[in-house]
Amino acid sequence: VSLQAVSKRKANSMKILNAKICSNGQIFDGEVTVDGERIASVTPKETSSSSDETIIDAKGMYVIPGLLDVHFHGCVGYDTCDASKEAFDKIAEYEGSEGVLAICPATMTYPEDKLSEIMDIAADYESPEGADFVGLHLEGPFINPNRVGAQNSDYVQKPDADMLLRLQERAKGRIRICDVAPETENAIDFVEKIKDHVASVSIAHTCTDYDTAMQAFEHGANHLTHGFNAMPGIHHRKPGPLSAAADAEADVELICDNVHIHPSVVRLAFKLFTDEHVILISDTMRACGLEDGCYDLGGQQVEVKGNLATLASDSATIAGSVTNLMNCLRCAVKTMKIPFASAVKAATHNPARSIGVLDDYGDVEAGKYANLLILDEELNIVHMIKRGKLVR
């Protein structure tokens, strides 16, 4: 790999040559020109270069968009629910260092006063370094108390549209995804009332049957949180929310850490939903990036051993993940045998579309932010470009 900064007269002007560009499910040879913070052009062949550009020769390597994680809770000892600028900064810094260049972290199940503190931090937050903060995912508290998983059942409550709108006002519109169990009281009415105030309404932590899930999708839900986890599976006479999501052409999140879902089921999900609707997520908690030990998640103790995190009070209950999204992408491709282009689309284009930020993120395309990863054939990050700046 040759990297030559031939001049600094024009900041953030660069060309990436001889690349295999992977974007929106396609792989093609070409070059990428960056001007300032955004991609200026993507062309199928080499064009002339000027003396004031940084030139990166990416021969034999892939250029992909920076990843976007729309569902994770924390990392390196910090959690979104810490509700502090320090926590948001540390989370963004770690994620950015691992190739996740845009983040939409998730909250846990808490009462409104606690969630409001998180909204206040998120409202005006901009990451000084690392991943771009693009919104919040409200995973709780409108879930089924009988399917809480690692959420805290003490704070579960019925769907409350007025509460969601109050939180959204506190967050200055930065809640991008809101979860709900559609079988709970007033849930369908809740979906109808909030669907225009968030990009995605997601079915989650649910005991719903197929018909109720379809009703939710018909009223505006369009997303399924950590598919196959904390919900009924697919039974040939009781198809449940997964089949409903497929019929409704909704998006489904998958945690490809080789813990939450068997590789065969991941392959099945890609066949069922296609790479148009699969979204790779990490669902990491604060232990991600740290050693084994005991950690907190939503007020509950979690024991971490290797890549497995379980509740200390119930070792059978998985408590989030400790595998970041870049490693989930590698696992999906190298272990689970998902086609590379499909896996990249599921970790870039699809999540950006699902939360309404596709104008700026998710593709190697002119006009979008120059958040780019250059990977070798083993999917190691060789170079990283953040908002047009070469940071690795």
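Strands β19 and β20 form a hairpin with 2 residues between them. In its turn, Gly298 has a positive phi of about 60°. The model is predicted, so to speak of local features requires pLDDT of at least 70, side-chain atom pairs count only at pLDDT 80 or more, and totals for chains, interfaces and linings use all residues. Residues are numbered from 1 along each chain as its sequence is written, and side-chain values use heavy atoms, with hydrogens and water left out.

Strand β19 covers residues 293-297. Strands are DSSP runs of E with at least two residues, helices are runs of H or I with at least four, and both are numbered from the N terminus. β19 and β20 run antiparallel, joined by 5 bridges. Two strands pair if DSSP finds at least two bridges between them. Cys294 stands opposite Glu303 in β20.

β20 also pairs on with β21 (residues 308-311). These two run antiparallel as well, through 4 bridges. Lys305 has Leu308 of β21 as its bridge partner. β20 and β21 form a hairpin too, again with 2 residues between them. Gly306 in that turn has a positive phi of about 65°.

Now the faces of β20. In a regular strand the side chains alternate between the two faces of the sheet. In β20 (residues 300-305), Gln300, Val302 and Val304 make up the covered face. Gln301, Glu303 and Lys305 make up the uncovered one.

Next, the helices. Two packed helices are described by the angle between their axes and the distance between the axes. α2 (residues 112-123) and α3 (residues 161-170) pack at about 30°, with axes 8 Å apart. Axes are lines fitted to C-alpha atoms, for helices over the stretch in contact, and angles run from 0 to 180 degrees between N-to-C directions. α2 is therefore roughly parallel to α3 (angles under 35 degrees). On α2 the contact (heavy atoms within 4.5 Å) uses Glu112, Leu115, Ser116, Met119, Asp120 and Ala123. On α3 it uses Met163, Arg166, Leu167 and Arg170.

Last, the aromatic rings. The whole structure holds 7 aromatic pairs, with ring centres within 6.5 Å. Tyr125 and Phe133 have centres 5.5 Å apart and planes at 90°, so they are edge-to-face (planes over 60 degrees apart). Both Tyr125 and Phe133 are buried (under 20% relative accessible area, 1.4 Å probe, protein chains only).

Notes:
Rings of Phe, Tyr and Trp (its six-membered ring) pair if their centres lie within 6.5 Å; planes under 30 degrees apart count as stacked, over 60 as edge-to-face and the rest as tilted. Buried means under 20% relative accessible area, exposed over 50%, partly exposed in between (1.4 Å probe, protein chains only). Angles under 35 degrees count as roughly parallel, over 145 as roughly antiparallel, 65 to 115 as roughly perpendicular and the rest as oblique.
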